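Please read this report alongside the sequence and the 3D view.

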Amino acid sequence: MRGALFALAAVLTVGLAAPVLAADTYVLDAAHSNVGFAVKHLVISTVSGHFSDVSGEIQYDEADIMKSSVSVTIKTSSINTNNGKRDDHLRSADFFDAENNPEITFKSNSIEKEGDGTVAVGTLTIKGVSKEVRLPFEITGKIKDMSGNNKIGVEGSLTINRQDYGVSWSKTMDNGGLVVGNVVKISFSVEAAQKS
């Protein structure tokens, strides 16, 4: 009996001493990532663009994605709509005021299941205004690249009202429509490499 109790105690001790597996850290690969947006122009067309300077980290727990997290930083001055004059206007105080608000950030507070999908609940900050958003996303895969690095892909999108973040410049046309729409669709497709 004493021997059995000793064996049980030894097993429990080893189990308690075993390290708890933590989430792996993945760093965004900017060269293979895209954060873009689309907004209506003159009501009849959609103008799209992207940010070329994006960085961030993903804490990815493959065994339990609910224990994962993400933080992303976007440089507002890196906005690109393939029109230099328009990009300069977007960087100005009329829109992002990039000089005084150089970054857009997102930091998750929790990861939740929503139907068949997954949502990152967190704080989105644009032009100094922070609001909680729900960001649906999908892990599109995990691979080992040709150099032996572990990588994951993540895609998702959300829709915001730019007026909520003080990005408020607008003009109304004769028919009542807006030159620039208020509803902005943000979409992303990112690749991230496991930090060694």
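## Surface and fold

The protein exposes about 11800 Å², of which carbon and sulfur atoms supply 54%; accessible areas come from the Shrake-Rupley method with a 1.4 Å probe, and for residues only the protein chains shown count as cover. This is a predicted model, in which local features need pLDDT of at least 70 and side-chain atom pairs count only at pLDDT 80 or more, while totals for chains, interfaces and linings use all residues. Residues are numbered from 1 along each chain as its sequence is written, and side-chain values use heavy atoms, with hydrogens and water left out.

The protein contains 2 helices and 11 strands. Helices (H or I, at least four residues) and strands (E, at least two) are DSSP runs, numbered from the N terminus. Along the sequence the order is α-β-β-β-β-β-β-α-β-β-β-β-β. Of the 196 residues, 34% are buried; buried means under 20% relative accessible area, exposed over 50%, and partly exposed in between (1.4 Å probe, protein chains only). Contact means heavy atoms within 4.5 Å. Among contacts between residues at least 6 apart in sequence, 56% join residues at least 24 apart.

## Core

The largest nonpolar core has 37 residues. A nonpolar core is a set of buried Ala, Val, Leu, Ile, Met, Phe, Trp, Tyr and Cys residues joined through side-chain atoms within 4.5 Å. The residues with the most contacts inside this core are F51, I58, F96, L124, I126 and I160. Strand β11 (residues 180–194) gives the most to the core, with 5 residues.

Leaving aside neighbours within four places in sequence, F51 is in contact with V35, F37, I74, K75, T76, S78, I79, F96 and I104. One of these partners, S78, sits in the loop between β5 (69–75) and β6. S78 is buried, at a relative accessible area of 10%. A polar atom of the S78 side chain lies 2.6 Å from the backbone oxygen of K75.

## Salt bridges

Side chains of opposite charge can pair when their charged atoms come close. The structure holds 9 salt bridges, a salt bridge being a side-chain nitrogen of Lys or Arg within 4 Å of a carboxyl oxygen of Asp or Glu. The table lists three of them.

| Pair | N to O distance |
|---|---|
| K142 and E62 | 2.9 Å |
| E103 and K75 | 2.8 Å |
| K151 and E191 | 3.0 Å |

K142 forms a salt bridge with E62. This pair links distant parts of the chain, 80 residues apart: K142 is in strand β9 (residues 129–144), and E62 is in the loop between β4 (54–60) and β5. K142 is partly exposed, with 36% relative accessibility.

E103 forms a salt bridge with K75. Because E103 lies in strand β7 and K75 in strand β5, the pair ties together parts that are 28 residues apart in sequence. E103 is partly exposed at 35%, and K75 is partly exposed at 30%.

K151 forms a salt bridge with E191. K151 belongs to strand β10 (residues 150–161) and E191 to strand β11, so this pair ties together parts that are 40 residues apart in sequence. K151 is buried, with a relative accessible area of 13%, whereas E191 is partly exposed at 24%. Salt bridges that share partners join D29, D145, K151 and E191 into one network.

## Loop residues

N82 is not a glycine, yet has a positive phi of about 65°. N82 lies in the loop between β6 (79–80) and α2 (84–91) and is exposed, with a relative accessible area of 73%.

D97, also a residue other than glycine, has a positive phi near 50°. The place of D97 is in the loop between α2 and β7 (103–114). D97 is buried, at a relative accessible area of 15%.

S170 lies in the loop between β10 and β11 and is partly exposed, with a relative accessible area of 28%. S170 and G181 are 11 residues apart in sequence and 8.2 Å apart in space, C-alpha to C-alpha.

Definitions and conventions:
A polar contact is a pair of N or O atoms within 3.5 Å; within protein, one must be able to donate a hydrogen and the other to accept it, and residues adjacent in sequence count only if both atoms are side-chain atoms.
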